[in-house]
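Work through the exercises below with the sequence and the structure open. Try each task before reading its solution.

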Amino acid sequence: MQRAVNCYNNTNKTNLNPKAVLFDMDGVLFNSMPYHAKAWYETMQQYGLDFTEYDAYLNEGRTGESTINAFFPQKYNRNATAEEVEKIYQIKSEIFNRIANIQPIPHIYDFLLKVKAAGLMIFLVTGSGQKSLLETLNKNFPNIFHPDRMITAYDVKYGKPHPEPYLMALKKGNLSSNEAIVIENAPLGVRSAVAANIFTIGVNTGILRDEELLNEGANLVYPSVKELIDSWIF
Ligand code: CA
């Protein structure tokens, strides 16, 4: 990890001095992605669209409409109408709700406790807009998350891959970009964090090749949270 930090410092002409760790949610805190991917795949199949579960992982973080219209024109030579988008997203959500058995990512609570014990602030930065988010977080990760340190779908105008959500987290914490570290699992999430000039660690908890995260500028990629904990130096 030290080598990646040196590289970040040289490239950005800065000195990483972390005071906070900014956590993405889906795929970092919870293993929700396999269910999202399967639900997207089955829905797109119903519409005859050429879309794989790998595509779902690649496009994680995009809005439903953006995901649909990235694939819809290949078959129909036009974008989906607002009604079609709504219907497709509804089918996807129904499948997801039927199959999802969401659990915390292995070892993530240990890592959160380690980060907290080191005196670092913990932020949540997610495109998710569940109403019961804080409740779910507190149930699974007691005494970690605070409503003043959360950026969700309700806070942002653009969302990932725009740097906005991570810039908002920096602002909330009164932090410079060299005073935070981001933990992300998705290419578009990495792109968002890197565009905010934050040291970005990819934890590749899904099916993507590491290159998908490295090519977006991740400073480091680990195959699991266990490896992240073992390498953590802060
Ligand atoms: Ca994610």
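**Exercise 1. Find the bridge partner of Ile183 in β5, and describe how the two strands are linked.**

Step 1. The bridge partner of Ile183 in β5 is Ile201. Residues are numbered from 1 along each chain as its sequence is written. The model is predicted, so local features need pLDDT of at least 70, side-chain atom pairs count only at pLDDT 80 or more, and totals for chains, interfaces and linings use all residues, while side-chain values use heavy atoms, with hydrogens and water left out.

Step 2. Strand β4 covers residues 180-184, and its pairing with β5 is parallel, over 4 bridges. Helices (H or I, at least four residues) and strands (E, at least two) are DSSP runs, numbered from the N terminus. Two strands pair if DSSP finds at least two bridges between them.

Step 3. Between β4 and β5 the chain passes through helix α9 (residues 187-195), and this β-α-β crossover is right-handed. Right-handed means that, with the strands pointing away from the viewer, the path from the first strand over the helix to the second runs clockwise.

**Exercise 2. Decide whether the residues of β5 and β4 are buried or exposed, and sort them by direction.**

Step 1. Buried means under 20% relative accessible area, exposed over 50%, and partly exposed in between (1.4 Å probe, protein chains only).

Step 2. In β5 (residues 199-203), 5 of the 5 residues are buried. Phe199, Ile201 and Val203 point one way, whereas Thr200 and Gly202 point the other way.

Step 3. In β4, too, 5 of its 5 residues are buried. Here Ala180, Val182 and Glu184 point one way, and Ile181 and Ile183 the other.

Step 4. The general rule is that side chains in a regular strand alternate between the two faces of the sheet.

**Exercise 3. Give the order of the strands in the open sheet and follow its pairings.**

Step 1. The sheet has 6 strands in the order β3-β2-β1-β4-β5-β6, with parallel pairing. Its edge strands are β3 (150-151) and β6, each of which pairs on one side only.

Step 2. β1 pairs with strand β2 (residues 121-125) over 4 bridges, in the parallel sense; Phe23 has Leu124 as its bridge partner in β2.

Step 3. β1 also pairs with β4 in the parallel sense, over 4 bridges, and Val21 stands opposite Ile181 of β4.

Step 4. β5 and strand β6 (residues 220-222) run parallel and are joined by 3 bridges. Gly202 has Val221 as its bridge partner in β6.

**Exercise 4. Which residues coordinate the calcium ion, and which parts of the chain does the pair Asp26 and Asn185 tie together?**

Step 1. The donors are Asp24 (OD), Asp26 (O), Glu60 (OE) and Asn185 (OD1), at 2.1 to 2.3 Å from the calcium ion. Donors are N, O and S atoms within 2.8 Å of the metal (3.2 Å for Na, K and Ca); water is not among the atoms, so sites may look incomplete.

Step 2. Along the chain, the donors follow the spacing D-x1-D-x33-E-x124-N. Asp26 lies in the loop between β1 (20-23) and α2 (33-46), and Asn185 in the loop between β4 and α9, so the pair ties together parts 159 residues apart in sequence.

Step 3. Asp26 counts as buried because its relative accessibility is 17%. Asn185 is buried as well, because its relative accessible area is 5%.

**Exercise 5. Describe the division into domains and the area buried between them.**

Step 1. Domain 1 is 2-32 + 103-231 and domain 2 is 33-99; such bounds come from an automatic or database domain assignment. The C-alpha centres of domain 1 and domain 2 are 25 Å apart.

Step 2. Contact means heavy atoms within 4.5 Å. By this rule, 15 residues of domain 1 are in contact with 13 residues of domain 2.

Step 3. About 1,200 Å² is buried between domain 1 and domain 2, and carbon and sulfur atoms give 58% of this area. Buried area is the accessible area (1.4 Å probe) that two parts lose on being put together, summed over both.
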